[in-house]
Amino acid sequence: MEFIYYFGEVFTPISMLLLIGGTIGGLILGATPGLSPTMAVALLIPFTFQLTPVHGLILLGAAYTSTVAGGAVSAILLKIPGAPANIATTLDGHAMALKGEGAKALQLSFISSLFGGIFGVLLLIFLTPVLAEWALAFGPPHLFWLAILGVTVIGSLESNSVVKGLLSGCIGMWLATIGFDDMLGVKRFVFHSSLGGGVNIIPALIGLFAIPQVITMFAKGRFDQDTSRIEVKKHPVGAAFKEVFKRKRALGIGTIIGSIIGLIPGVGGQIAGLVAYDQAKKFSPEKAKFGTGHSEGVIAAEAANNAMVGPSLVPLLTLSIPGSPTAAVLLGGLLIHGIFPGVDLFQNYPEVVWPFINSMLIGQVLMCIFGIYIASFAARVAQVPKSVMAATVLGLALFGSYAVQQSMGDVYVMAVLGGMMYFLERFGFSAAPLVLGLILGPIAESNFVQGSMIANAQDGPMIYFFSGTLNIALIAVVVLSVGYSAWSEITSRKVV
Amino acid sequence: MNYLQHRISSGIICAVAIWVCWISFTQKPAEAFLFPRIIAVFFLLLALWTFAKAMLGRSKVGNGLSMAAAKNLAPGVAITGIYIFWAAKTLGFYTASIFAFFILLSLYDPSPNTEFRIWMKRGLITAAFIAIMYALFAVVLKVYTPRGMFI
């Protein structure tokens with residue numbers, strides 16, 4: 001129950017201000033089609049430089065939680081999911097809005113997000129320290145395999161093609177080796193002066209997530225504008241709470257499925273929402289109503305995608321393996337503040353980690369309160385024209401990547417990686433494994449080098465890296481995750 | 001499905017992988033390139049696999065870039081390139097941002113270009129954007145951005 005001692009930090013004026021600002025900002029960003037939670041968190045990271053690590057993380061945590069929930073606004077009112085996690089919400093949410101129940105659908109989505117989210121964060125609170133203690137047994141070879149596991153799991157699960165997913169991970173790991181070698185100070189792959197200091201994570205994150213979105217908006221052209229807005233009629237909040245309690249089964253299914261899926265590294269909220277929706281439909285006596293504007297559909301999907309948020313941070317904080325692409329960006333945020341997640345995180349930085357986790361608990365409540373009251377305003381924001389959105393994101397990307405080290409080199413790296421990622425995405429590659437390779441590459445390399453030195457003094461690298469229960473278990477998980485994804489791809493007649 | 005595009009893109013990736021492999025195995029000292037060598041081998045194997053699939057016409061993931069999309073994005077990408085690689089440093093971040101924002105807004109805004117009211121609206125949105133960026137970066141975060149000819 002250590003976390004209780006650190007609640008005080010969350011209620012300081014600056015923390016509360018950041019929490020409220022992050023929540024409102026996240027809701028608005030989430031409601032804006034095209035701005036995914038991953039991209040929103042990546043764009044926010046440069047603003048955390050001026051803050052202490054704990055305050056920076058509180059801001060990022062609040063934004064992560066509320067962008068996922070805010071995505072429901074455009075999913076319900078415009079039938080455009082604000083984030084991939086909200087795809088399932090469009091199925092019944094938009095049908096409800098068409099029937100004049102837009103406000104009710106929004107209230108149901110925020111209330112079910114609250115319950116799902118709180119359950120997910122409680123899971124994070126109680127599971128993380130247990131796993132962290134277990135992770136103390138990890139040495140350099142295990143940490144090396146864990147880093148490889150992180151890249152392969154996201155590479156094989158987040159991509160439509162296993163080979164292209166793994167190739168993206170390799171490209172990311174290669175990008176991480178650019179710059180000066182830590183051990184010998186040797187220049188590696190520095191073919192332009194901008195790369196002298198290596199590829200900085202933050203400009204890379206901004207480029208890889210924001211620039212492809214900007215170019216996608218350009219590619220849609222001048223006259224591709226989205227649907228008209230649906231009027232949001234008033235609906236009593238108390239009635240929405242009663243409706244959620246009446247639909248306990250859908251809420252429970254969404255919460256449990258979201259939490260379990262969140263714990264599995266690499267499986268995103270998009271899958272959580274869709275699986276929960278499908279299961280809620282299967283177990284519902286009113287199956288036929290699903291898809292026609294049934295409240296259970298919205299409740300299950302939204303409870304699941306917010307329940308996924310907390311557990312997706314469990315493997316990140318204990319084993320340095322992000323559970324989702326947004327968690328991968330959060331890992332970047334932790335690293336730039338000098339905090340290395342893993343075995344001794346809770347021993348070395350309890351004053352940072354616990355207020356961060358506690359703030360996510362409070363953030364869920366704020367998200368529900370603000371979500372309900374600013375939903376109709378957020379709906380207007382969701383209609384910001386693509387031209388304004390593209391130009392704004394581009395400006396933020398330029399200023400944000402420059403602000404990191406006040407270097408034009410970072411801006412060029414951001415632009416080149418962003419342009420490259422847009423074209424790679426057109427050919428089936430995805431940004432998440434590339435980012436993970438970039439983030440986990442240095443962790444893999446440092447543990448590989450350290451492990452090799454120990455191995456040379458002992459029985460040699462083969463025995464050191466390939467023997468022992470933990471090594472074999474980790475290698476088996478790497479092989480299984482790649483094998484399972486390849487098998488799924490072959491059986492679903494996709495090309496590897 | 002554009003097979004030619006798949007062949008070109010996977011060919012480029014393959015060429016990069018060969019270059020990475022070449023550098024990793026030829027540069028000295030070898031100890032500094034030990035980890036990059038492992039990465040380079042997997043990079044090359046996966047790139048060759050992707051290239052072979054593309055050459056055999058079996059790349060089915062990713063739709064490539066249509067001519068219509070290429071035509072739509074070309075002016076935006078050109079403006080973005082000029083903005084980031086030339087104007088930001090030469091004219092100054094804020095001046096370049098004013099031009100880039102206004103031009104991109106005008107290029108991709110579906111409203112008719114013949115109405116004065118629309119141009120005024122675009123100008124006001126640009127002014128609001130720059131004011132927010134200035135307040136955020138210059139006043140709050142105190143980031144000193146390149147000044148160039150202007151600010």
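Axes are lines fitted to C-alpha atoms, for helices over the stretch in contact, and angles run from 0 to 180 degrees between N-to-C directions. Helices are DSSP runs (H or I, at least four residues; strands are E, at least two), numbered from the N terminus.

The model is predicted: local features need pLDDT of at least 70, side-chain atom pairs count only at pLDDT 80 or more, and totals for chains, interfaces and linings use all residues. Residues are numbered from 1 along each chain as its sequence is written, and chains are lettered from A and ligands numbered from 1 in the order in which they are written.

**Exercise 1.** Determine how α6(A) and α11(A) are oriented, and which residues form their contact.

Solution. Step 1: the axes of helix α6 (residues 102-134) of chain A and α11(A) come within 9 Å and cross at roughly 40 degrees. Step 2: that angle makes α6(A) oblique to α11(A); angles under 35 degrees count as roughly parallel, over 145 as roughly antiparallel, 65 to 115 as roughly perpendicular and the rest as oblique. Step 3: the crossing of α6(A) and α11(A) is right-handed, a term for a near helix turned clockwise from the far one by less than a right angle, left-handed being anticlockwise. Step 4: α6(A) contributes S112(A), F115(A), G116(A), F119(A), G120(A) and L123(A), while α11(A) contributes L251(A), G254(A), T255(A), G258(A), S259(A) and G262(A). Contact requires C-beta atoms, placed from the backbone, to lie within 7 Å. Step 5: the contact of α6(A) with α11(A) has four nonpolar, eight polar and no charged residues. Here Ala, Val, Leu, Ile, Met, Phe, Trp, Tyr, Cys and Pro count as nonpolar, Asp, Glu, Lys and Arg as charged, and the others, Gly among them, as polar.

**Exercise 2.** Describe the packing of α11(A) against α13(A).

Solution. Step 1: helix α11 (residues 248-263) and helix α13 (residues 295-307), both of chain A, have axes 7 Å apart at an angle of about 30 degrees. Step 2: α11(A) is therefore roughly parallel to α13(A). Step 3: their crossing is right-handed. Step 4: among the residues that meet are G254(A), G258(A) and G262(A) in α11(A) and A300(A), A304(A) and A307(A) in α13(A). Step 5: by class, this contact of α11(A) with α13(A) comprises 10 nonpolar, seven polar and one charged.

**Exercise 3.** Characterise the contact between the chains, starting with α18(A) and α5(B).

Solution. Step 1: helix α18 (residues 386-405) of chain A and helix α5 (residues 116-140) of chain B have axes that come within 12 Å and cross at roughly 20 degrees. Step 2: α18(A) and α5(B) are therefore roughly parallel to each other. Step 3: V388(A), T392(A), G395(A), F399(A) and A403(A) of α18(A) make the contact with I125(B), F129(B), M133(B) and F137(B) of α5(B). Step 4: this contact of α18(A) with α5(B) has seven nonpolar, two polar and no charged residues. Step 5: over the chains, 53 residues of chain B are in contact with 54 residues of chain A. Step 6: the side of chain B that touches chain A divides into 35 nonpolar, 12 polar and six charged residues.

**Exercise 4.** What confidence does the predictor assign to chain A, chain B and the complex?

Solution. Step 1: pLDDT is the predictor's confidence in each residue, from 0 to 100. Step 2: chain A has a mean pLDDT of 84, with 92% of its residues at 70 or more. Step 3: chain B averages 91, and 99% of the residues score at least 70. Step 4: the complex receives an ipTM of 0.94 and a pTM of 0.80.

Technical notes
Contact = placed C-beta atoms within 7 Å.
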